[in-house]
Amino acid sequence: MVENKKIPELLVPAGNLKTLKYAVEYGADAVYIGGKKFNLRSLGNNFSVSELEEAAAYCHARKVKTYLTLNSIIFESEIPQLKDFLNEIKDIDFDGVIASDAAVIKLVKTYYKNPNIHISTQANVTNSIGVNMYKDLGAKRVNIAREIKFSDLKEIIKNTDIEIEVFVHGALCISHSGRCMLSKYMAGRDANKGECAHSCRWKYYLMEEERPNLFFNIVEDNKGTFIYNSRDLCLLSKLDLLIDAGVSALKIEGRMKTESYIAQTVWAYKKALEYIKNNEFDENKKDFLLKELNKCSHRNYTVGFMFLNNYKELEDNEGVGYIKNYRFTGVCNGISEKYNLPLILVKNQFKAGENIEILQPGKMPVEKRIKEITVIKNNNDFSSDTANPNDIVILKDIGKINPYSILRVKQ
Ligand code: SF4
């Protein structure tokens with residue numbers, strides 16, 4: 001019976017305390033975060049030791065799990081630093097540690113009693129023998145490589161009794177995830193140390209060695225060809241299949257993403273899981289939720305290696321770049337005592353006369369026409385036709401809204 005289906009954990013990224021709070025409010029069952037070292041988002045904000053502590057406490061107070069990401073490659077010279085870092089964080093109550101390097105797997109066990117070790121995508125596990133080898137090393141969960149087929153995923157789950165996690169949404173590498181030296185070669189930034197410059201998405205030309213300044217387009221259309229440029233993964237329409245296969249956790253990529261992206265993505269996946277639980281996840285619901293996901297800034301979506309028959313679609317990106325159908329226009333920034341209404345921090349410009357869509361945790365999006373904008377500046381309130389970035393404004397037309405609301409306007 002569908003009603004008895006076990007709904008997997010929705011695992012959401014957070015690059016800082018602000019996005020973590022949005023992830024939690026919008027329905028994450030677990031969040032993954034990184035410290036200042038040894039995780040693959042070293043250019044993200046990441047968390048200081050005291051922030052890691054605060055994050056775990058915030059999540060636990062709301063019954064949300066917190067996983068620490070420690071998944072970079074460890075060089076011999078870094079072992080003392082790794083030990084120091086583990087020593088600094090050993091009293092923080094994480095629900096799991098995400099690792100790929102054998103040194104981390106081994107050392108974590110000496111600093112934490114019975115740690116829940118989750119094997120990172122960076123370990124590129126593609127079969128059940130690999131999964132069970134990590135089980136023997138003490139792993140509780142393995143994140144399966146994004147490059148496998150769905151038929152292989154089902155076999156892997158049948159052949160192990162530990163938890164299997166899959167990425168369902170976010171950026172894809174054109175190489176096997178993380179096993180890539182392109183960024184280090186092109187920009188001196190090592191993807192295996194969390195410094196990827198996304199060199200695979202740059203524009204490339206062909207040059208013959210005797211003609212150094214003559215660049216030939218590798219043309220597929222008049223915008224040139226981004227030969228390595230992958231689409232974004234989106235498995236929302238396949239969630240029912242993943243659940244039937246017995247997946248334990250559904251992971252969203254993006255520890256560098258904004259609160260708006262996190263809110264909109266988590267909202268859509270949480271809603272999908274609710275529909276599945278209630279046996280209502282039909283084609284109409286899938287279409288509706290995919291339209292919601294289209295409102296976030298994204299590249300063309302793909303169902304990835306797991307469900308594609310023809311991998312050409314992965315790079316079929318028609319003009320490339322991010323698709324921005326909606327403008328992220330604002331977030332709540334407290335309450336005005338004077339107006340008894342939310343103060344809105346403006347992120348991108350909007351004008352009176354535009355329709356603003358408001359997304360709130362656990363509610364359907366609603367649209368309101370903005371007739372009046374009151375700008376609050378140095379205790380001086382004035383009416384304006386335009387709200388500009390970083391303005392604090394009152395929008396009487398939207399009334400009271402959840403403090404984690406996201407405001408957006410169709411482009
Ligand atoms: S350069 Fe592209 S393929 Fe390589 S690690 Fe970075 S995102 Fe992945």
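Two strands are taken to pair if DSSP finds at least two bridges between them, and helices (H or I, at least four residues) and strands (E, at least two) are DSSP runs, numbered from the N terminus. The structure is a predicted model, in which local features need pLDDT of at least 70 and side-chain atom pairs count only at pLDDT 80 or more, while totals for chains, interfaces and linings use all residues. Residues are numbered from 1 along each chain as its sequence is written.

**View 1. Strand 13 and its partners, strand 22 and strand 14.** Strand 13 (residues 326–336) pairs with strand 22 (residues 406–410) in the antiparallel sense over 5 bridges, and Arg327 stands opposite Val409 in strand 22. Strand 13 is also joined to strand 14 by 5 bridges, again antiparallel, with Ile344 in strand 14 as the bridge partner of Cys332. The hairpin of strand 13 and strand 14 has 4 residues between the strands, and Asn340 takes a positive phi near 55 degrees there.

**View 2. Strand 21 and its pairing with strand 14 and strand 18.** Strand 14 (residues 341–346) and strand 21 (residues 392–394) run antiparallel and are joined by 2 bridges, Val393 in strand 21 being the bridge partner of Ile344. Strand 18 pairs with strand 21 over 3 bridges, also in the antiparallel sense, and Val375 stands opposite Val393.

**View 3. The hairpin of strand 18 and strand 19.** Strand 18 (residues 373–377) pairs with strand 19 over 5 bridges in the antiparallel sense, and Lys377 stands opposite Asn380 in strand 19. Between the two strands lie 2 residues, and Asn378 in the turn has a positive phi of about 45 degrees.

**View 4. Helix 1 against helix 9.** The axes of helix 1 (residues 17–25) and helix 9 (residues 259–277) come within 9 Å and cross at roughly 15 degrees. The two helices are therefore roughly parallel to each other, given that angles under 35 degrees count as roughly parallel, over 145 as roughly antiparallel, 65 to 115 as roughly perpendicular and the rest as oblique. Lys18, Thr19, Tyr22 and Ala23 in helix 1 meet Glu259, Ile262, Ala263 and Val266 in helix 9, contact requiring that C-beta atoms, placed from the backbone, lie within 7 Å. These residues divide into 5 nonpolar, 1 polar and 2 charged, where Ala, Val, Leu, Ile, Met, Phe, Trp, Tyr, Cys and Pro count as nonpolar, Asp, Glu, Lys and Arg as charged, and the others, Gly among them, as polar.

**View 5. Helix 9 against helix 10.** Helix 9 and helix 10 (residues 283–293) pack with their axes 9 Å apart, at an angle of about 170 degrees. That makes helix 9 roughly antiparallel to helix 10. By class, their contact has 5 nonpolar, 2 polar and 3 charged residues.

Conventions
Axes fitted to C-alpha atoms, helices over the stretch in contact; angles between N-to-C directions. Contact = placed C-beta atoms within 7 Å.
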